[in-house]
Protein chains: 4
Amino acid sequence: MRMTKAELTAFLERDFGQVAGDFAIERVGPEGLVLRLRVAERHLRPGGTVSGPAIFALADVAIYLAILSRIGEVPLAVTTNASVDFMRKPTAGRDLLGEARLLKLGRSLAVGDVLVFSEGAAEPVARAGLTYAIPPAR
Amino acid sequence: MRMTKAELTAFLERDFGQVAGDFAIERVGPEGLVLRLRVAERHLRPGGTVSGPAIFALADVAIYLAILSRIGEVPLAVTTNASVDFMRKPTAGRDLLGEARLLKLGRSLAVGDVLVFSEGAAEPVARAGLTYAIPPAR
Amino acid sequence: MRMTKAELTAFLERDFGQVAGDFAIERVGPEGLVLRLRVAERHLRPGGTVSGPAIFALADVAIYLAILSRIGEVPLAVTTNASVDFMRKPTAGRDLLGEARLLKLGRSLAVGDVLVFSEGAAEPVARAGLTYAIPPAR
Amino acid sequence: MRMTKAELTAFLERDFGQVAGDFAIERVGPEGLVLRLRVAERHLRPGGTVSGPAIFALADVAIYLAILSRIGEVPLAVTTNASVDFMRKPTAGRDLLGEARLLKLGRSLAVGDVLVFSEGAAEPVARAGLTYAIPPAR
């Protein structure tokens, strides 16, 4: 591991100030990273469900941080592909937890997937697969 | 067509009040719908690029409105799958336009895709394919 | 579980005669299903790699059988979406194993994902997410 | 354009001998490429539908050839991601046509999408988005 939970949190606050308040890193380790979305009014859609873009953001940031935990700060890594299955309505009034794992960490591409759960629920709200392009000069 | 541009705009403002200010419907017709994302500070990521979730939201809302333009108000239609290719960095200081077309409008599933451009640019920023589940009782 | 390994194997041979010889069910249980692709010359591409369509077929059939193991024979279930990340070249001369898990088994849609490994390898060759539409009258 | 229809056909026959008989290049030009799948018994599934893997192969080969038409022979380009929406049952007894367009042709990644039609039908059978990694030394 190249970056700890504290270092990743500091990075998030510094470089992603606008959204850093939405997220909290729960755990980080060789097996992956768990990221919390602190669900607030601005993440909701009619009917009380968490919006698709908010779930997308949770998955996207979770994989990004998982990559950084392994290779260190690479602020120019960019998402090239994301595929998301939305499966269940989130539980009202609960945060969402994104459980990210890296499946490939190559020189130029990293691939991971994320299962998103309402906190305390057994069945996932969503599943996402993401690919990041990693800049060559690192 | 079941809903006009004016009706869709009114629906967006009433039911999606939180994000309605982000979007403007440019055109709607049998061939599809063009939706503008009024890019603002809150949509940006480090480096001045528009965030992935903001691009996702543009594609998601564009297809949703394209479906409604054809079948009328179905507020409970939900996204079940979205696959996005992020291809180019958006042009700084420009709005994004999402050109949505419906490829299938079945009884229970609707499928469409969206090309996203920086306004005035010839080459797309992103491409998205989305599936919506349509509730049975309509 | 509604169908055993033996019943699923019989179903595969009867209804998918053309491809049944390509596959062998390794394990089936509440947590998912493992399907083997018996890699043969016809699955290979230049350079000795297993073709994308063969990997796709492995993932597709694995999820299909996992669904049947839970709801019984539903021969008209159809794939509506598949998203595949190809991550590594398969090991030459080895079979592929697809480890499928169901993430959602609803009345009309089932969603699962599959990790594909070369037999004996620790890191996945591919990852796939698939959605099946299940016919209403079951 | 770096390769003509005749050159692409010769490449397909030489390097993809096993599947070359399945396909015929209909058209190739700056706007894209149209590839025919000569549907035969081996491509069918129960109920007479064309199998998902056969549709996947059509989309995959169509984009590959579209890339080659623009950059010349790059036999080691590999698919890194494919996302397919299966929307309608193909018309029985008809070939499939895949209409591929390139949306991005970068130094290391190429992205395209494909609409698949039964010959003579107005509405698409499937839609696919594909990403290819292009080897650095070209």
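A: Start with strand β5 (residues 109–118) of chain A: ten of its ten residues are buried, so the strand is largely enclosed by the rest of the structure. Keep in mind that this is a predicted model.

Q: Which residues of β5(A) point one way and which the other?

A: A:Leu109, A:Val111, A:Asp113, A:Leu115 and A:Phe117 point one way. A:Ala110, A:Gly112, A:Val114, A:Val116 and A:Ser118 point the other way, and all of these residues are buried.

Q: OK. How many bridges pair β4(A) with β5(A)?

A: Nine, with strand β4 (residues 96–105) of chain A and β5(A) in the antiparallel sense. One place to look is A:Glu99, which stands opposite A:Leu115 in β5(A). The two strands are joined by a hairpin through three residues.

Q: And how many bridges between β5(A) and β6(A)?

A: Eight, again antiparallel, with strand β6 covering residues 126–133 of chain A. There A:Ala110 has A:Tyr132 in β6(A) as its bridge partner.

Q: Zooming out, what is the strand order in the sheet?

A: It is an open sheet of twelve strands, in the order β1(A)-β2(A)-β4(A)-β5(A)-β6(A)-β3(A)-β3(B)-β6(B)-β5(B)-β4(B)-β2(B)-β1(B), and the pairing is antiparallel. At the edges stand β1 (23–29) of chain A and β1 (23–29) of chain B; each has a single partner strand, so one side of each is left without a neighbour in the sheet. Direction ignored, neighbouring strands are turned by 20 degrees against each other on average.

Q: What packs on that sheet?

A: Helix α3 (residues 52–71) of chain B does. The helix touches β3 (78–86) of chain A, and in chain B it touches β1, β2, β3 (78–86), β4, β5 (109–118) and β6 (126–133). Its direction makes about 45 degrees with that of β4(B).

Q: What about α3 in chain A, how many residues does that helix have?

A: Helix α3 (residues 52–71) of chain A has 20 residues. From first C-alpha to last it reaches 29 Å, close to the 28 Å expected at 1.5 Å a residue. Of the 20 residues, 18 are buried, so α3(A) is largely enclosed by the rest of the structure. Just after the helix, A:Gly72 takes a positive phi of about 85 degrees.

Q: Back to chain B. How many bridges join β2(B) to β4(B)?

A: Five, between strand β2 (residues 32–37) and strand β4 (residues 96–105) of chain B, which run antiparallel. One of the partnered residues is B:Leu37, which bridges to B:Leu96 in β4(B).

Q: Where do β3(A) and β3(B) come in?

A: They pair with each other across five bridges in the antiparallel sense. For example, A:Asp85 has B:Asn81 in β3(B) as its bridge partner.

Q: How many residues are in contact between chain B and chain A?

A: 19 residues of chain B are in contact with 19 residues of chain A. On the chain B side, the elements giving two or more residues are α3 and β3. The largest share, nine residues, comes from β3(B). By type, that side divides into nine nonpolar, six polar and four charged residues.

Q: Switching to chain C. How many residues does its contact with chain A take?

A: Twelve from chain C and twelve from chain A. In chain C, β3 (78–86), β4 (96–105), β5 (109–118) and β6 each give two or more residues to the side that touches chain A. The most comes from β6(C), with three residues. That side divides into four nonpolar, three polar and five charged residues.

Q: Last one: is C:Ala128 buried or exposed?

A: C:Ala128 counts as buried, with 26 C-beta neighbours inside 10 Å. This residue is in strand β6 (residues 126–133) of chain C. Leaving aside neighbours within four places in sequence, its contacts are C:Ala59, C:Ala82, C:Ser83, C:Val84, C:Asp113 and C:Val114.

Key
Residues numbered from 1 in each chain as written. Chains lettered and ligands numbered in written order. Predicted model: local features only at pLDDT ≥ 70, side-chain atom pairs only at ≥ 80, totals over all residues. Helix = DSSP H or I, 4+ residues; strand = E, 2+ residues; numbered from the N terminus. Expected span 1.5 Å × (residues − 1). Buried ≥ 20, exposed ≤ 12 C-beta atoms within 10 Å, placed from the backbone. Pairing = 2+ DSSP bridges. Axes fitted to C-alpha atoms, helices over the stretch in contact; angles between N-to-C directions. Contact = placed C-beta atoms within 7 Å. Nonpolar A, V, L, I, M, F, W, Y, C, P; charged D, E, K, R; others polar.
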